[in-house]
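Hi,

Here is the structure I promised to pass on to you. Have a look at it first, and then read on for what turned up in it.

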Amino acid sequence: MFDLDVSKRKVALISFDTNYRSRPEKIREYAKMINIPFSLVKNKKELNSLIKSYEDFDTILIDTGGCSQRNDSKLLEMRNIFEERGRI
């Protein structure tokens with residue numbers, strides 16, 4: 001089981017969900033409540049830069065807009081964003 005006790009681990013939240021304005025704001029509020037950093041990124045370059053800046057963190061949670069398993073173009077887009085990083 002994955003233990004995400006933020007009092008024991010350095011955790012950061014990143015949102016890559018630019019489809020809906022309200023969702024990242026809700027995640028920002030949650031991050032503020034549990035006192036961890038939150039960032040919103042709009043493209044792969046920003047994401048890679050931010051992940052690099054969080055190198056000393058134990059866990060980085062990345063929120064995406066998600067998509068249907070039948071939406072091949074969106075799945076390909078998400079794959080292109082994450083594939084070069086390997087397992088994050």
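A question to start with: leaving aside its neighbours within four places in sequence, which residues is Ser39 in contact with? Please keep in mind while you look that this is a predicted model.

The contacts of Ser39, with those neighbours left out, are Leu13, Ile14, Ser15, Leu50 and Tyr54. Ser39 itself sits in strand β2. Its relative accessibility is 15%, and because buried means under 20%, Ser39 counts as buried. One of those contacts has a polar side to it: the side chains of Ser39 and Tyr54 make a polar contact at 3.1 Å.

Now for the chain as a whole. There are three helices and three strands, and from the N terminus on they run β-α-β-α-β-α. Of the 88 residues in the chain, 28% are buried. The accessible surface comes to about 6,600 Å², with 48% of that belonging to carbon and sulfur atoms. If you count contacts between residues at least 6 apart in sequence, 63% of them join residues at least 24 apart.

Next, the sheet. The three strands make an open sheet in the order β2-β1-β3, with parallel pairing. β2 and β3 stand at the edges with a single partner strand each, so one side of each has no neighbour in the sheet. From one strand to the next, the twist averages 20 degrees. As a reminder, strands of a sheet pair through backbone hydrogen bonds, either parallel or antiparallel.

Strand β1 (residues 11–15) deserves a paragraph of its own. Five of its five residues are buried, so β1 is largely enclosed by the rest of the structure. Val11, Leu13 and Ser15 point one way from the strand, while Ala12 and Ile14 point the other way; all are buried. On the β3 side, five bridges join the two parallel strands.

Which residues of helix α3 (residues 72–82) are buried? They are Lys74, Met78, Ile81 and Phe82. Seen down the axis of α3, these buried residues fall within an arc of 85 degrees, so they line one face of the helix. The buried residues of α3 pack against α2 (44–53) and β3 (59–63). On the other side of α3, the exposed residues are Asp72, Ser73 and Arg79.

Asn71 lies in the loop between β3 and α3. With 32% relative accessibility, Asn71 counts as partly exposed. Its side chain makes a polar contact with the side chain of Ser73, at 3.1 Å.

Best wishes

Definitions and conventions. Residues are numbered from 1 along each chain as its sequence is written. This is a predicted model: local features need pLDDT of at least 70, side-chain atom pairs count only at pLDDT 80 or more; totals for chains, interfaces and linings use all residues. Side-chain values use heavy atoms; hydrogens and water are left out. Buried means under 20% relative accessible area, exposed over 50%, partly exposed in between (1.4 Å probe, protein chains only). Helices (H or I, at least four residues) and strands (E, at least two) are DSSP runs, numbered from the N terminus. The arc is that of the directions from the helix axis to the C-beta atoms. Contact means heavy atoms within 4.5 Å. Two strands pair if DSSP finds at least two bridges between them. Accessible areas come from the Shrake-Rupley method with a 1.4 Å probe; for residues, only the protein chains shown count as cover. A polar contact is a pair of N or O atoms within 3.5 Å; within protein, one must be able to donate a hydrogen and the other to accept it, and residues adjacent in sequence count only if both atoms are side-chain atoms. Axes are lines fitted to C-alpha atoms, for helices over the stretch in contact, and angles run from 0 to 180 degrees between N-to-C directions.
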